[in-house]
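Hi,

Here is the structure I promised to pass on.

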Amino acid sequence: MATPASFHHPASPQPAIPGAAAAAVAACAAMAVSYVAVLYAPTALLRLPPPTSLHVFLHRRFLCAAFSSSASLLATASLLRVWSIGDSSVVLAVFGIRRDHLLQAVAIPLLLTSLVYAGSFVARLWLLANSCGGGYEEPEIGWAQRLAHRIRASVGDVMVWRNCVVAPITEELVFRACMVPLLLCGGFKIYNIIFLSPVFFSLGVQLGYTVIFGWYAVFLFTRTGNIVSPIVAHIFCNIMGLPVFSSPQKRGVASVAFLAGSLSFFWLLFPATSPKLYNSRIDQCSCWHGYCRWS
């Protein structure tokens with residue numbers, strides 16, 4: 001595969017060495033398959049007894065997912081030969097792991113993604129208003145206590161950890177932080193990577209909505225150059241589920257909100273992800289994620 005120095009000049013779109021494109025595709029496919037296969041390692045390979053509870057089952061999968069993502073990071077670093085880079089921060093930046101502009105990388109993609117869920121917010125606010133006006137009250141328990149109780153319950157809920165911590169972080173590290181640099185160094189153009197990378201994600205997870213989200217996640221990653229952006233969007237989408245297009249109670253309002261939010265999302269998609277918001281300078285940059293090519 002290509003060395004870091006060979007990709008420092010984004011004007012060259014061709015693979016650095018013959019066969020780099022095929023090697024990048026093969027490596028991405030292997031990572032996608034191994035991400036799923038390793039989840040079955042405790043019983044199939046390690047011969048551990050079947051899990052006795054959901055907690056044990058998911059805890060094993062958490063460890064397997066952490067191992068798989070770590071192995072993918074090491075394999076990508078080896079293929080790209082980033083060991084030759086002396087600065088550790090530059091090495092981490094290859095995978096989009098950066099501390100600079102962190103607030104922008106979290107807040108702006110979160111607000112942008114929430115626009116698609118305008119209909120969902122309307123539906124949930126309607127349900128909340130009905131529950132508050134239905135005569136059911138808990139005067140002995142304040143809202144702060146109820147919030148603290150929900151937080152404690154969430155911290156102890158293994159499904160919350162799966163949907164909001166383990167899955168978003170490990171999946172984005174493997175399917176975005178590792179695969180995008182590999183495909184870039186394989187000579188693929190940015191737009192091709194946006195549409196190609198989620199195909200590997202569908203091999204590891206499932207088709208349909210995950211592919212659409214994959215396009216968006218790769219877009220965020222290449223525009224911001226920070227892996228935190230797709231991770232935050234991934235967590236938010238896992239919490240919200242599928243967007244609400246209409247509501248039986250307030251069908252018209254929810255539909256209008258969804259339409260307005262979606263139009264606002266597409267209108268702000270490029271301005272809100274402008275590379276200048278997430279990088280101090282983009283001229284003569286040696287980025288791995290291609291944000292210097294979007295000027």
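Below is what turned up, starting with the ground rules.

This is a predicted model, so local features need pLDDT of at least 70 and side-chain atom pairs count only at pLDDT 80 or more, while totals for chains, interfaces and linings use all residues. Residues are numbered from 1 along each chain as its sequence is written, and side-chain values use heavy atoms, with hydrogens and water left out.

Let's begin with the aromatic rings. A pair of aromatic rings is described by the distance of the centres and the angle of the planes. Rings of Phe, Tyr and Trp (its six-membered ring) pair if their centres lie within 6.5 Å; planes under 30 degrees apart count as stacked, over 60 as edge-to-face and the rest as tilted. That rule gives 7 aromatic pairs here. Y117 and F236 are edge-to-face because their planes stand at 85°, with the ring centres 5.4 Å apart. This pair joins distant parts of the chain, 119 residues apart: Y117 sits in the loop between helix 5 (102-114) and helix 6 (118-132), and F236 in helix 11 (residues 228-240). (Helices are DSSP runs of H or I, at least four residues, and strands are runs of E, at least two, numbered from the N terminus.) Y117 and F236 are both buried, meaning under 20% relative accessible area, where exposed is over 50% and partly exposed is in between (1.4 Å probe, protein chains only). Ring pairs also link Y117, F121 and F236 into a cluster.

Another edge-to-face pair is Y216 with F265, at 5.4 Å centre to centre and 65° between the planes. Here Y216 belongs to helix 10 (residues 209-224) and F265 to helix 12 (residues 251-272), 49 residues apart. Y216 counts as buried at 11% relative accessibility, and F265 is buried at 8%.

Next, the record. UniProt (unreviewed entry) places "transmembrane region" at several spans, including 103-127 and 252-270; its positions follow the numbering used here, feature names are shortened, and annotations may be inferred rather than shown by experiment. In the model, residues 103-127 are 88% helix and 0% strand, with end C-alpha atoms 32 Å apart. Residues 252-270 are 100% helix and 0% strand, and their end C-alpha atoms lie 29 Å apart.

Most residues other than glycine have a negative phi.

Happy browsing!
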